[in-house]
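Here are my notes on the model you sent. Please read them with the structure open.

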Amino acid sequence: MSAPESATRPSRITFFEDRAEVTRTAQLELTPGVTWVRLGGVTPLLDDRSLRACLLAGAARVHATRVERSLPDVPDALVQAVHDARAALEAAQRLCAREEDGLRQLGPLDHTWAAALQACPQGLDRDEVANGWTSAHEALGEAGRSALTRLADARGALLERRRAYHDAEDALALAAGSRDVRARVAVQLEAERAGPVTVELTYRTPCASWRPEHLARLRGTGSAARLELVTLACAWQATQEDDWAGVELRFSTARPGRAAHAPELTDDVLSLRPRQERRIVVEARDEEIRAAAVAGGRRTVDAMPGVDDGGQPLEWCAAGPASFPSDGQPLRVELERREVAADLEVVAVPELATSPHLRARGTLSGATPLLAGPVRLAREQSVVGRGRVDFVGVGEAFTLGFGPEQAVSVRREVERERRTVPVIGTQKLTRAVTVYLSNLGDQPHALEVKERTPVSELEQITVEVQAPGWSHDAETGFLTRRVELGPRGTETLSYRVHLSAGSKVDLGAFS
């Protein structure tokens with residue numbers, strides 16, 4: 001007979017990105033010698049290889065551990081109900097078979113009566129013969145009607161017994177299929193003397209994970225603007241354990257289930273194509289400009305980090321004990337709150353939007369980085385939207401957008417002119433861009449206007465930008481200009497782009 005099960009209590013939960021590490025404790029009373037104890041409360045999903053047991057208090061040693069899984073027994077009442085229903089069904093089948101046999105036996109008697117009536121001698125008294133044979137025929141008819149009634153009743157009872165038997169089988173199958181697998185941990189302990197001991201179990205289980213989430217709240221205006229950053233852990237678990245009540249919660253970026261492996265080489269295929277006419281076809285493409293850090297901050301690594309934690313596992317602890325239900329619903333726990341100074345600026349990108357956007361720039365302070373994840377954006381007490389923040393290291397500058405600035409309106413117009421130089425066939429393409437800015441409010445606004453111009457990668461194509469008053473980055477093609485708009489003020493900005501190409505260059509992309 002196995003030892004009774006002892007209860008355990010969860011004390012610490014460490015969440016990883018795809019699993020959780022659970023720590024449980026149990027108070028036991030041991031007798032001298034070697035004994036096996038069974039500890040319950042664990043999930044049947046636990047990873048057997050991660051199971052560890054140790055003693056926190058008491059004079060004993062741990063020799064071995066194992067996980068025991070089992071299915072609960074089906075209730076005896078359901079098994080007996082199926083047995084009784086089967087016996088009643090078999091009895092109804094036998095009764096129905098007997099009634100059918102009795103009805104079948106009346107058929108030959110009826111044929112015998114008809115044959116005997118035809119063989120009756122002609123000289124007998126017709127009245128006496130008729131009365132006798134009539135009474136015999138009526139007796140056969142009454143017996144047939146009684147047999148049909150009994151057969152109908154037997155078939156009705158058989159249908160009811162069959163339905164009751166199927167219902168009993170369904171109830172048994174439902175009870176057997178709904179049984180949850182139970183698990184317990186068996187620990188072999190050797191105690192030097194009788195007394196209490198405290199056993200700690202640690203194991204990892206799937207069906208639990210967490211992701212970082214942030215809240216960025218912009219407070220104040222001008223030079224007094226501050227950016228409040230709140231880091232939250234959004235976690236959930238459906239481990240089939242009872243609710244984790246009053247436990248210490250930890251959230252780690254470590255990846256215990258990921259094994260390192262070398263990259264695999266792929267085939268580098270070379271192919272030939274027929275020689276074509278020497279003609280250059282121009283294609284335009286958008287190129288993403290990547291930067292490892294925002295100007296004004298510093299970064300402790302030269303390249304972008306390969307993982308969201310910057311390559312170094314980090315761990316956060318919740319402020320106090322918490323309760324965590326096992327229903328798969330997300331639970332948010334605050335991990336960290338900090339405040340940094342914010343430099344505000346209004347950025348206009350007329351090519352993409354007709355309203356400029358408010359942007360806050362800050363330098364991260366504190367002891368831990370800002371993990372990549374979704375961020376809710378708020379201005380004072382109003383939520384203005386949602387976004388996403390990339391990994392930000394300590395001391396690194398970052399920017400966040402806080403929605404459009406409705407007081408400023410932007411309008412953009414583009415004029416194109418194309419001509420071909422006679423004889424030599426040189427193509428000339430001119431773009432004239434005009435940006436109109438209007439301040440609809442009573443407060444002044446400082447704007448940063450951004451435009452982009454094409455950058456040539458071919459020597460057969462030359463690009464000339466005429467943008468007086470603009471700051472031009474020839475490598476990326478971006479134009480930047482800062483504008484001060486007074487109350488109800490307006491401003492008109494313009495620039496021109498001249499593109500020249502030879503006669504054998506197809507400028508279809510710039511038509």
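Predicted model: local features only at pLDDT ≥ 70, side-chain atom pairs only at ≥ 80, totals over all residues.

1. The protein chain has 511 residues, and 34% of them count as buried. Its secondary structure comes to 2 helices and 28 strands.

2. Contacts and surface. Take the contacts between residues at least 6 apart in sequence: 78% of them join residues at least 24 apart. The accessible surface of the chain is about 30800 Å². Carbon and sulfur atoms account for 50% of that surface.

3. An open sheet of 5 strands runs in the order S15-S10-S9-S18-S19, with mixed pairing. Strands S15 (331-341) and S19 (382-389) stand at the edges. Each has a single partner strand, so one side of each lacks a neighbour in the sheet. On average, neighbouring strands here are turned by 20° against each other, direction ignored.

4. The S10-S15 pair. Strand S10 (residues 226-237) pairs with S15 in the antiparallel sense, over 10 bridges. Within this pairing, Leu229 has Arg338 of S15 as its bridge partner.

5. The largest nonpolar core. This core has 39 residues. Ile13, Phe15, Trp210, Leu249 and Phe251 have the most contacts inside it. What does Phe251 touch, leaving aside residues up to four places away in sequence? The list is Phe15, Trp210, Ala233, Ala235, Leu314, Glu315, Trp316, Val333 and Leu335.

How values were computed: Residues numbered from 1 in each chain as written. Heavy atoms only, no water. Pairing = 2+ DSSP bridges. Helix = DSSP H or I, 4+ residues; strand = E, 2+ residues; numbered from the N terminus. Axes fitted to C-alpha atoms, helices over the stretch in contact; angles between N-to-C directions. Core = buried A, V, L, I, M, F, W, Y, C linked by side-chain atoms within 4.5 Å. Buried < 20%, exposed > 50% of the residue type's maximum accessible area, 1.4 Å probe, protein only. Contact = heavy atoms within 4.5 Å. Areas by Shrake-Rupley, 256 points an atom, 1.4 Å probe, with all protein chains shown as cover.
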